[in-house]
Amino acid sequence: MPDRTVTVAAPGIVVRELCPAPDVASCFQRYRELPYCLLLDSALRNPELGRYSFLMADPFAVQRVDASTPPQHQDPFAAIAAELAQYASPTLPELPPFQGGVAGLLSYELGRDFESLPAPEFDPQVCPRILLGSFDVVLAWDHAQNRAWLISQGWPERDPALREARARTRLALFERLLATPLAEVAAVSKTWPGQLPRQRENPIRTEVMQRPRVATHLAGVTSNFTRAEYETAVERVREYIRAGDVFQVNLAQCLTVALHEPAWEIYLRLRQRNPATFGGYFDTGDWQLLSASPERFLRVQDRAVETRPIKGTRPRTAWPEANLFHGDDLLASEKDRAENIMIVDLLRNDLSRVCDPDSVQVPELCRLELYEYVQHLVSVVRGRLAAGKSPWDLFRAAWPGGSITGAPKLRAMQIITELERLARGPYCGSLVYHGFNGAVDSDLLIRTILIADGECSFSVGGGITLASEPAREYAETWHKAAGLLMALGVN
């Protein structure tokens, strides 16, 4: 490998280009044993959406708000913004946008810090509402150019000389691990000079709040709804719509399967069988998230904001003629188009709270996008942050995403809590990064498996409107579950 290490003009930052660009899956397997391994993975390559991937581990600090901490109804992002302010760095040109910074999980339950919402009947409290690491080293890919770089920021050292020395030392550590044979990775990882206390080894808690569990038509798979209960809940949403409470509610069922193999092996199979533009893997030791999300939540680049809501789904099959029929049916569906447009209007309103009002536009409305097991209607909403507003102001204004709650958002969330009864946890939350250079991107955690306490659980749902047919809505949840069930070995 040629030596292409350079100290960039910005003091303390060291970069090495890896030539040729290594395979994402191979690098992930070498980092997977490190504390807080986080992969933001564009396994479905796309010049616009699936261009970059980022792999990181061993942060120098972690910020968390535990699930059991009572909502403060204050600003949960203030401490994150303060952390980032200490380590501001310039953007290194010609490199992928995330070059080190804060990254991790924002849970759906974070919405309780912004709004007064009833507590769910069942809450396993597995994941914190916030868990973000401060990552000083990141391996970043630009798939469009087939290039990759190790970027080492040298934080939290302040002195320029000490910072550069630390950046070089840390970069060398991660580079050596990339060169380690896979058979030796576990042993080398045990001697890693980590910055934080090591994770626990996937503990199984003995005191876990129970969740509803009923059998489904698939052996070994349970849900929080029977089919009849889910269809009754759909009808209950339609009653709320007729009463004028809401226009749309996202309703999900949570499926659970026993864990029989390591989380990282399941993820490698998931990204192969169900590649996604906004996939991800996050391992805290206590739990792991494995995501094949197709949906961007919020991106901020040079104060330009973008969100890409998905509403409207049809299955994909092995028969091209059937796929064309389903795609044409989706594009012609008044119900699905209305559902998408309602969420676009909600997001336009959310963005207008923190963007220049005249800047909020919808350049793409109800475009058909194809994925491995489903096809979706996708829209694009863009704006520009107003003067004095930060990306965290944007998250505060838009949290949680409208496409996975409904409209009006607060009433929809209240109905979700009532009918689902089970806390969503990370489902419909976000894997997010906010770089030391100010770059921000995030997904919505749909098509996402949570592994904890010896179980794999994931939720699948859809937007319910007055035109919804309960049986069809229930079937749609199983279409969305297909790729995840395949990755878990359930056929």
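1. Which residue lies over the face of Tyr-240, at 4.1 Å from the ring centre? In this predicted model, that residue is Arg-236. A further arginine, Arg-411, also lies over the face of Tyr-240, with a distance of 5.0 Å from the ring centre. The ring of Tyr-240 therefore has a charge placed over its face by Arg-236 and another by Arg-411.

2. The aromatic rings deserve a point of their own. The count comes to 22 aromatic pairs. One of them is formed by Phe-28 and Tyr-267, whose ring centres are 5.8 Å apart and whose planes stand at 70°, so the pair is edge-to-face. This pair links distant parts of the chain, since Phe-28 belongs to helix 1 (residues 24-31) and Tyr-267 to helix 6 (residues 263-273), 239 residues apart. Phe-28 and Tyr-267 are both buried.

3. Why is Phe-282 called buried? Its relative accessible area is 1%, and the term buried applies under 20%. Trp-287 counts as buried because its relative accessibility is 2%.

4. Aromatic residues also gather in a group. Phe-77, Phe-114, Phe-297, Trp-392, Phe-395 and Trp-399 form one aromatic cluster. The student may wish to locate these residues in the structure above.

5. Arg-129 is placed in the loop between strand 6 (101-106) and strand 7 (130-135). Is Arg-129 buried or exposed? Its relative accessibility is 3%, so Arg-129 counts as buried. A polar atom of the side chain of Arg-129 lies 2.5 Å from the backbone oxygen of Thr-69. Leaving aside neighbours within four places in sequence, the contacts of Arg-129 include Val-65, Asp-66, Ala-67, Thr-69, Pro-70 and Pro-71. Leu-105, Leu-106, Ser-107, Glu-109, Leu-110 and Asp-113 are also among the residues in contact with Arg-129.

6. Val-344 provides an example from a helix. Val-344 is placed in helix 8 (residues 334-352), and Val-344 counts as buried because its relative accessible area is 3%. Which residues are in contact with Val-344, leaving aside its neighbours within four places in sequence? They are Pro-309, Val-362, Leu-365, Ser-379 and Val-381. Val-344 and Ala-165, by contrast, are 48 Å apart in space, C-alpha to C-alpha, and 179 residues apart in sequence.

7. Two peptide bonds call for attention. Most peptide bonds are trans. The bond that joins Cys-19 and Pro-20 is cis, with omega about -5°. Pro-20 is found in the loop between strand 2 (14-18) and helix 1. The peptide bond from Trp-155 to Pro-156 is also cis, with omega near 15°. Pro-156 lies in the loop between strand 9 (147-152) and helix 3 (160-178).

8. Backbone angles raise a related matter. Most residues other than glycine have a negative phi. Glu-94, a residue other than glycine, has a positive phi near 65°. Glu-94 lies in the loop between helix 2 (78-86) and strand 6, and Glu-94 is exposed because its relative accessible area is 71%. Cys-428 likewise has a positive phi, near 70°. Cys-428 is in the loop between helix 10 (409-420) and strand 21 (430-435). With a relative accessibility of 0%, Cys-428 counts as buried.

9. The final point concerns empty space inside the model. Rolling a probe the size of a water molecule over the atoms shows where empty space is left. How many cavities of 30 Å³ or more does a search of the whole structure find? The search finds four. The largest cavity has a volume of about 170 Å³. Its lining consists of 20 residues, of which Asn-250, Ile-446, Arg-447, Gly-461 and Lys-480 lie nearest the centre of the cavity. Strand 17 (310-315), strand 24 (455-464) and helix 11 (470-487) each supply at least two residues of this lining. Strand 24 gives the most to the lining of the largest cavity, with five residues.

Definitions and conventions: Residues numbered from 1 in each chain as written. Predicted model: local features only at pLDDT ≥ 70, side-chain atom pairs only at ≥ 80, totals over all residues. Heavy atoms only, no water. Helix = DSSP H or I, 4+ residues; strand = E, 2+ residues; numbered from the N terminus. Buried < 20%, exposed > 50% of the residue type's maximum accessible area, 1.4 Å probe, protein only. Polar contact = N/O pair within 3.5 Å; in protein donor to acceptor, adjacent residues only side chain to side chain. Contact = heavy atoms within 4.5 Å. Phe/Tyr/Trp six-rings, centres within 6.5 Å; stacked < 30°, edge-to-face > 60°. Lys NZ or Arg CZ within 6 Å of the ring centre and 35° of its normal. 1 Å grid on protein atoms, 1.4 Å probe; cavity = no way out; pocket = protein on both sides within 12 Å on 5 of 7 lines; lining within 4 Å. Points joined across faces, edges and corners; volume = space filled by probe spheres on them.
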